[in-house]
Amino acid sequence: MLAAEGLSPADMQVQATDAGMLATSHPACSTATDLSAGCLAAVLGRPRWPDAALAARAQAEGAAAAVLAAWRERGEAALEAMQGNFALVLIDTRQRRVMLAVDRTGTERLCFAQVGATLVFSTSARAVARHPLVSAPVNQQALYEYLYCHMVPSPDTAFAGIAKLLPAESATFNGQGLSRRFYWQLAYDTRGDGDDAALRQRFLDLTEQAVARQTDDVRPTGAFLSGGTDSSTVSGMLGKVSGKPAATFSIGFDAQGFDELEYARITSRHFGTTPHEYYVTADDVVEAMPLIAAAYDEPFGNASAAPTYFCARMAREHGIEVVLAGDGGDEFFGGNERYAKQGVFEHYHRVPGIFRKLMEPVVMNFPLGASIMPVRKARSYIQQARVPLPDRMETYNFLHRSPLQDIFEPEFLAAVDTERPLELAREAYFRCASSEPIERMMHLDHKITLADNDLRKVTRMCEAAGVEVRFPFLDDDLVAFSGQLKPEQKVHKGRLRVLFKDALRGFLPNETITKSKHGFGLPFGLWLNEHAPLKALAEDALGSLGKRGIVKPEYLAYLRREHATVHASYFGVMIWVLVELELWIRRNA
């Protein structure tokens, strides 16, 4: 953590010493000082420089020295010359400016607070909140957003007055005010004349290049292998580029409908990997839940953090220091099922308005329509289609199942903006450079599902386990290539990742290509009914949470009742989110 104040050259000497604190848990940190120019730079991560001169400078003197060189030549346009994953702090005393920035996909993060003429920043929102100049309390608004999104979406944080950068965003501070801007945006250009065969080969070449870039020549490298398309591709490419069987790490669950180890084994046999497997148990979850609350600087409710931790810990126990993960393929190549589902509803908006005006009253007011299956389905379709994107994607949000007045205490509800999560979603959706709904949904998922959720989940759990994680599908060249594909080469007539999967036929096993999407689910809801220590942990946390003036005890009792009698897995999701909130508050409030 650093505090920038005064912005004098003498102060910058001190700040250069403190800059190392940015790297307390990060494997790659570089700092550089240019006394003649009055500049200091600190860089976390593994930035890459397409410019040959800057790449040579980085190789010889470190990434921070290359940043200073680019800053002298290009000013803020220096960010456009950077690729790879990075969090950057640059202090220019002559221009009296501090610039913060994170990489294009949001793999790294930076949080900050302005306190008068001082800027406090860190990779951790909690660290900023605890700085003596800040002393920020927990933000009630963020707790609502957490319960809505199961994490705190950027730019908000769990602490009042502290913000975090979005993917490809920078912030500039001049001692008085702070301005923010996006220095990069995915460009969509489908005018290329390459046929599908050429594009498929291009995708394979770029994917191999991306895995090669992330494979460490010195430190032992392995791969997560869930058995899905993404992790299987990374595992296969890792073996190809390294010239030896990849070490792969897979998690299983002894619960029907949750265990996918057989698919991981299919991939392992196909590529001849060196497989390692671990079955997560309910006892493991009892261990993991407090660990998760302690590890994250903000409340984090994605239950798959638990299996991610045990998978990363298994890799570390087998001598692996760098692990490759498959995150990003869905968000840039069209792999989430909701893209196809929402596309069905978008067809309704192509019906001329005059016909919709004639049809809707007939369907919605049809006598006894609720008891006639075709009419009931038509009503449901129209009701959902009427809701515009991106709001429609949240139709099934847990907080929409019951009136908010039945969920939250009146004082808490009066203090928060319940529209804020949707406003943040709309901002990301409409900021997309494409007008295509499919690509706008993917752009939204890049921000919400990937940067705010999945990348935080994987990176933090890997840090807790003592390994570094890298994401080949977030390679800048591969991401740029995704913008050159037509929407129908991503999602078409219900098919997901059309070109992506077509390109991998013959490389991946057929079973992997055709399997339905599952994810990294955790049978928490099922175990909660069967495992006494887990049930005791949850009951204790929910009992305490019910006294905090946030969620009504009656609603917590409703969730427990529904979980025990109706649908354990479904209601278990919200119980996990609430338990993790209580465990996090105990450590941070």
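A residue is called buried at under 20% relative accessible area, exposed at over 50%, and partly exposed in between, with a 1.4 Å probe and protein chains only. This is a predicted model, in which local features need pLDDT of at least 70, side-chain atom pairs count only at pLDDT 80 or more, and totals for chains, interfaces and linings use all residues. Residues are numbered from 1 along each chain as its sequence is written, and side-chain values use heavy atoms, without hydrogens and water.

First, select R109 and D297. R109 has 13% relative accessibility, so it counts as buried; D297, at 10%, is buried as well. The two form a salt bridge (a side-chain nitrogen of Lys or Arg within 4 Å of a carboxyl oxygen of Asp or Glu), with their closest N and O atoms 2.6 Å apart.

Next, select K490 and E439. Their salt bridge brings the closest N and O atoms to 2.9 Å. K490 is buried at 1% relative accessibility, and E439 is buried at 3%.

Then select D477 and R48. Their side chains meet in a salt bridge of 3.9 Å, N to O. Are these residues buried or partly exposed? D477 is partly exposed because its relative accessibility is 26%, and R48 is partly exposed at 22%.

Finally, consider the whole model. How many salt bridges does the structure hold? The total is 44.
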